[in-house]
Amino acid sequence: MTKHLIIVESPAKARTIQKFLNDDYKVMASMGHVRDLPSKKLGFDPENHFMPQYEIPKDKKKTITELKKAISKDTSIYLATDEDREGESISWHLISALGLEKKPIQRIVFHEVTPGAIQQALEHPRELDQHLVDAQQARRILDRAVGYELSPLLWRKIKPGLSAGRVQSVAVRILVDREREIREFEPEEYWKVRADFEGFHAELSKVDGKAVKIQNEEEANRVTQSIRAGECVLKEIDEREASRNPAAPFTTSTLQQEASNKLGFSVKKTMLIAQQLYEGNFEIPDYSGGLITYMRTDSVTLSKEALAMANEVIEKRFGNEFTLEKPRSFRNRTKNAQEAHEAIRPVNLEILPDQVIPHLERDQGRLYGLIWKRTLATQMKAAKIARTTFRINAGEKSEYQFEAKGQQILFPGFLKVYMDSSSDAQSVLGEKDLLLPRVEQGQRLPLKDLNAEQLFTKPPPRYSEASLVKKLESQGIGRPSTFAPTISTIQNRGYVELLEDKRLKPTDMGEVVTDFLTNHFNEIVNLGFTAKIERNFDRIARGEEGWMDMMEGFYHPFHGRIEEKKETVTRDEAVKRRVLGSDPDSGKPVSVSIGRYGPMVQIGTREDVEKPRFASLPKGSSLTEITLEEALECFKLPRTLGENEDGEEIQANIGRFGPYVRIGKEFFSLPKDLGPMDVELDQALEIIREGREAKAKKTLHQFGEIQVLNGRYGPYIKKGKDNYRIPKGTDAESLDEETCLQIIKDNPPTGKRRGRAKKGS
């Protein structure tokens, strides 16, 4: 039997750590959580101190059985889950699931997966921190209360299958509020005047000593006429030296933002790749272990060892003039920051990106390079920049002032390694030299050209994934572990869509649900209240508040309001039905609202003798913006296009999965640039032909309802709605019906693995 058993969360981490240890140690993975609240009931008792009713999910029973097999009465057990609240909670659940309550347990933690860190952890075990467990337990039960009680109300009043969540609903509200700002924004005209001189250009900055504001073409013409009639004189040369300091080391959220801005990564992709770099499941010659420290952190501090290492690398690679006399420290400006561990950094700064990139996947190498550069830059000297401003008087009465700005980098400092992509950095052109010519104060400047450009103010931009993370963090909402799952959840639930420009736009469903929650459960989508809840979790983690006391204050008032709203809120009120006008043929009202399958248009009401007529809104239409004429167009579908050579009728329509053409019982999606009202018969026939060819290539065999298909990850068997893996070594091309039936009998259908991806709320 196993002498020492170390339990971590992921198989990748287990494989890496196993390489560091001798045969006395066995490293196994819990595969994330091993116990949870039951999925089909509330899962805790509000009348008995909110006592949770944890159970081991079916997909974790095999994991628990395998872990139990590795444990004998003489096995020493090390729980090595992540050092955050969720990791602490997983360790606590493992004790119960494995029946280890009476067995001595050693809790070990490490912030990097390296031989030294693992050895240090084994030599310094600690007790399980019950306060951290309670904080996570409070989060799980409160989030269950919100989701389990509020979601069914949304099903009854708006649409089946909807969900609400303490953090996800706030995130959607932020996006909805911004969308309405954009919708209500009215552009204002303004004009920009630029003068070109020999070797440089300048922009009009002041009129009669006040900030310039030219609002129309008439004013712009008056300004340019005066400037052309007068002289341009260099009135003042302002030269000053400025310092620029580097940004702080990466936290989870700043890494997500910077990876989005510089590498184009989604928040989810950043966390996935960071986890791979942390766990170290790759082959690098003469190196074992992970490359970066733990990637879920809101700390901006670096250890003494990391600071010393950074200083050595900077001196060796760039010279003594780039090193600091004493390490630079940073202050965390994030609300409710826990700062449980270090910032995200390379475990060894002497491992240069160029050395490991050949042995990593492309995106792993890019993210490691970003982290390495940012960490090194934090401990390099400030950049020294000489900034020059020319102030030029112009006009018949010298009433106008132009400004030209230039700069020269005197000493690059940290810019030698890294430039962050903040808006401030962009405003100085990435800190590049921009030299102004040598001219004397008081000198007259010949005007080469003068341009007046009409512009309009722009609405605030939609949030990107990265800027939404920044907003949530700045408001103290969520935690490093919750940002990525939250953003994935609101997209998966159909509350938000990611546009082609990588910006997030709320859907009609997102707006309707947000309005319902704002009107009836304002605290759930209130930024201040949600941040206060996070502070309560922090107090529980520090042992300053009991988790049951917190639940007592939240649950009973919330539950009472759920019961009240079941009776008092009508569905028409909840779905925000909007009447557009009357149908010219029947005279009945035409309205838009949320239906069972999403946004729809309706002619008539339930009170009419004849049933109302319904049609889906085309993709890209909005409940708030669609006109009566556009809504009536929806009733022209399905549209018959004609027949094929065999006399089969072809129709175009919109369904729950978007626009399509249909022939018999076959459906083929229309391309993005073609709508059901635009597609012609010849185009539809081509779409059907291509669709059938693609389907034929995908289908290897057809045995009644059983199909052998070529999928994205290789061949598989499909029966009804279930998919089955084909065993390794089996030739999919040679499968017959009998073999397929045997594979189906011997194997369960494939399903999504449950793990730590469900961290968010």
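Visitor: Quick one to start. Is D208 buried or exposed?
Guide: D208 is exposed, with a relative accessible area of 60%. The cut-off for exposed is over 50%. Keep in mind that this is a predicted model.

Visitor: Where does D208 sit?
Guide: In the loop between β8 (200-207) and β9 (210-211). D208 has a positive phi of about 55°, although it is not a glycine.

Visitor: What about the peptide bond from L637 to P638, cis or trans?
Guide: Cis. Omega is near -5°. P638 lies in the loop between α20 (628-633) and β20 (639-643).

Visitor: Back up a bit. What pLDDT does the protein average?
Guide: The average is 90, and 96% of the residues score at least 70. Over residues 423-429 the pLDDT is below 50. That stretch has 11 contacts in the model beyond near neighbours in sequence. Residues 752-761 are also below 50, with 34 such contacts.

Visitor: And the overall build? How many helices and strands?
Guide: 22 helices and 27 strands. The C-alpha atoms fill a box of roughly 90 × 80 × 60 Å along the principal axes. Of the 761 residues, 50% are buried. The accessible surface is about 39500 Å², and 47% of that belongs to carbon and sulfur atoms.

Visitor: Take contacts between residues at least 6 apart in sequence. What share joins residues at least 24 apart?
Guide: 70%.

Visitor: Now the inside. How many residues are in the largest nonpolar core?
Guide: 135. L150, I158, L367 and L468 have the most contacts inside that core. Helix α5 gives the largest share, 10 residues.

Visitor: What does L150 touch?
Guide: Leaving aside neighbours within four places in sequence, L150 is in contact with A145, A164, L517, F521, I524, F558 and I562.

Visitor: Which residues does the second core include?
Guide: V193, F200, Y400 and A404 are included. That core is separate and has 22 residues.

Visitor: What lies 2.7 Å from a polar atom of the S151 side chain?
Guide: The backbone oxygen of G147. Beyond neighbours within four places in sequence, S151 is in contact with V146, L162, S163 and A164.

Visitor: Switching to α8. What should its 12 residues span?
Guide: 16 Å, at 1.5 Å a residue. The expected span uses one less than the number of residues. The end C-alpha atoms of α8 (residues 252-263) are 16 Å apart, so the two agree.

Visitor: Which α8 residues are buried?
Guide: T252, S253, L255, Q256, Q257, E258, A259 and L263. These buried residues pack against α9 (267-279), α12 (362-378), α14 (465-474) and α15 (483-492).

Visitor: Last one. What follows α8?
Guide: G264. Its phi is positive, near 75°.

Notes
Residues are numbered from 1 along each chain as its sequence is written. Side-chain values use heavy atoms; hydrogens and water are left out. pLDDT is the predictor's confidence in each residue, from 0 to 100. Contact means heavy atoms within 4.5 Å. Helices (H or I, at least four residues) and strands (E, at least two) are DSSP runs, numbered from the N terminus. Buried means under 20% relative accessible area, exposed over 50%, partly exposed in between (1.4 Å probe, protein chains only). A polar contact is a pair of N or O atoms within 3.5 Å; within protein, one must be able to donate a hydrogen and the other to accept it, and residues adjacent in sequence count only if both atoms are side-chain atoms. Accessible areas come from the Shrake-Rupley method with a 1.4 Å probe; for residues, only the protein chains shown count as cover. A nonpolar core is a set of buried Ala, Val, Leu, Ile, Met, Phe, Trp, Tyr and Cys residues joined through side-chain atoms within 4.5 Å.
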